[in-house]
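Biologist: I would like to go through a structure feature by feature. Please give the general idea each time, then the case at hand.

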Amino acid sequence: MSEHRSLPVPDGLEGDRLDSALARLLGVSRSRAADLVEAGAVRVDGATVAKSARVRAGAWLEVALPAVRVEGAAASASTAGPAGSVVDELRVVHSDDDLVVVDKPVGVAAHPSPGWAGPTVLGHLAASGVMVAASGAAERQGIVHRLDVGTSGLMVVARSERGYSTLKQAFRDRAVDKTYHALVQGQLDPLRGTIDAPIARHPRHDHRWAVVASGKEAITHYDTLEAHRWASLVEVRLETGRTHQIRVHMGAVRHPCVGDLTYGADPALAQRLEVTRQWLHATRLGFDHPATGRPVGFESPYPGDLERALERIRSGG
């Protein structure tokens with residue numbers, strides 16, 4: 001007996017191989033996902049395609065999945081929440097009575113949402129026995145900020161009501177140090193600067209955002225750390241926190257994050273560097289602790305796929 005699922009490809013998996021995207025969405029191994037594709041159990045926009053085909057954001061996946069062979073999958077947004085599963089690659093950096101800081105891997109959402117059946121930070125915490133604050137919408141309890149599915153790095157989740165209210169206010173007041181590293185195409189001119197451009201939903205593409213005159217204020221500060229022939233490593237600090245802000249702003253100035261095909265990255269460069277998602281990592285997070293008021297800070301190293309791509313750029317590959 002098969003279980004049938006239908007779901008869209010999220011922006012964070014744009015340009016990924018079908019078998020890889022399917023594995024992340026369903027929580028199965030990549031070999032299992034490849035077997036499903038080769039068995040004809042997967043359709044993309046109504047058609048069967050090869051397991052190596054690249055998926056696009058918004059494409060509709062239909063999967064006939066034998067229920068008895070799901071490998072720890074979160075079957076729906078609801079089961080990816082309280083009944084979620086542990087994500088082996090997700091690391092708890094710090095935990096106390098008021099908050100927990102995690103290092104989120106790529107392919108994991110912050111919380112359950114319609115159309116997302118893959119692993120979540122909240123699902124991992126619940127499966128690990130970590131209680132979070134009851135504040136917020138039911139599917140987003142304890143969440144004070146988010147990272148895209150395709151972006152890795154540091155995220156803080158509130159565990160107490162004090163933690164939730166204090167951290168939410170800190171984000172509103174722009175009192176949180178959110179530092180990212182991004183590998184962007186080309187060399188920015190000037191090497192250091194600020195992008196101040198409002199962001200709203202893309203007028204034509206449902207799953208994208210864009211610089212729009214009537215959008216919400218969005219301010220991105222950047223500083224070039226390394227400039228190479230094909231790409232530059234930049235440090236980015238966000239003054240605001242709009243959806244896809246770094247990706248939209250870098251794409252708007254024609255220096256998209258390497259691998260970010262949604263916002264104009266060169267697929268040939270991504271393929272050469274073996275990057276299957278945007279090269280963007282939340283590397284540092286700092287704020288005043290809700291209990292003591294004293295500043296605390298956390299750091300995250302680059303994950304292996306991003307480190308390897310950066311080394312190839314450094315070596316001129």
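**Reading a cavity, a loop residue and a helix**

Modeller: This is a predicted model. Let us begin with a lining: the residues around the largest cavity divide into five nonpolar, two polar and two charged.

Biologist: Which residues line the largest cavity?

Modeller: The lining consists of H145, L147, L154, K178, T179, Y180, A282, R284 and L285.

Biologist: What is the volume of the largest cavity?

Modeller: About 40 Å³. A search of the whole structure finds one cavity of 30 Å³ or more.

Biologist: Next, a loop residue. Where does Q278 lie, and is Q278 buried or exposed?

Modeller: Q278 is in the loop between α6 (267-273) and β13 (280-288). Buried means under 20% relative accessible area. Q278 counts as buried because its relative accessibility is 2%.

Biologist: What does the side chain of Q278 make a polar contact with?

Modeller: The partner is the side chain of T151, at 3.1 Å. Q278 and V184 are 94 residues apart along the chain, and their C-alpha atoms are separated by 9.3 Å.

Biologist: Now a helix. How many of the eight residues of α5 are buried?

Modeller: An α-helix has 3.6 residues a turn, so residues three or four places apart point the same way. Helix α5 (residues 245-252) is mostly covered, with six of its eight residues buried. These are Q245, I246, R247, V248, H249 and M250.

Biologist: Which residue with positive phi follows α5?

Modeller: R254 follows α5, and its phi is near 65°.

Definitions and conventions
Residues numbered from 1 in each chain as written. Predicted model: local features only at pLDDT ≥ 70, side-chain atom pairs only at ≥ 80, totals over all residues. Heavy atoms only, no water. Helix = DSSP H or I, 4+ residues; strand = E, 2+ residues; numbered from the N terminus. Buried < 20%, exposed > 50% of the residue type's maximum accessible area, 1.4 Å probe, protein only. Polar contact = N/O pair within 3.5 Å; in protein donor to acceptor, adjacent residues only side chain to side chain. 1 Å grid on protein atoms, 1.4 Å probe; cavity = no way out; pocket = protein on both sides within 12 Å on 5 of 7 lines; lining within 4 Å. Points joined across faces, edges and corners; volume = space filled by probe spheres on them. Nonpolar A, V, L, I, M, F, W, Y, C, P; charged D, E, K, R; others polar.
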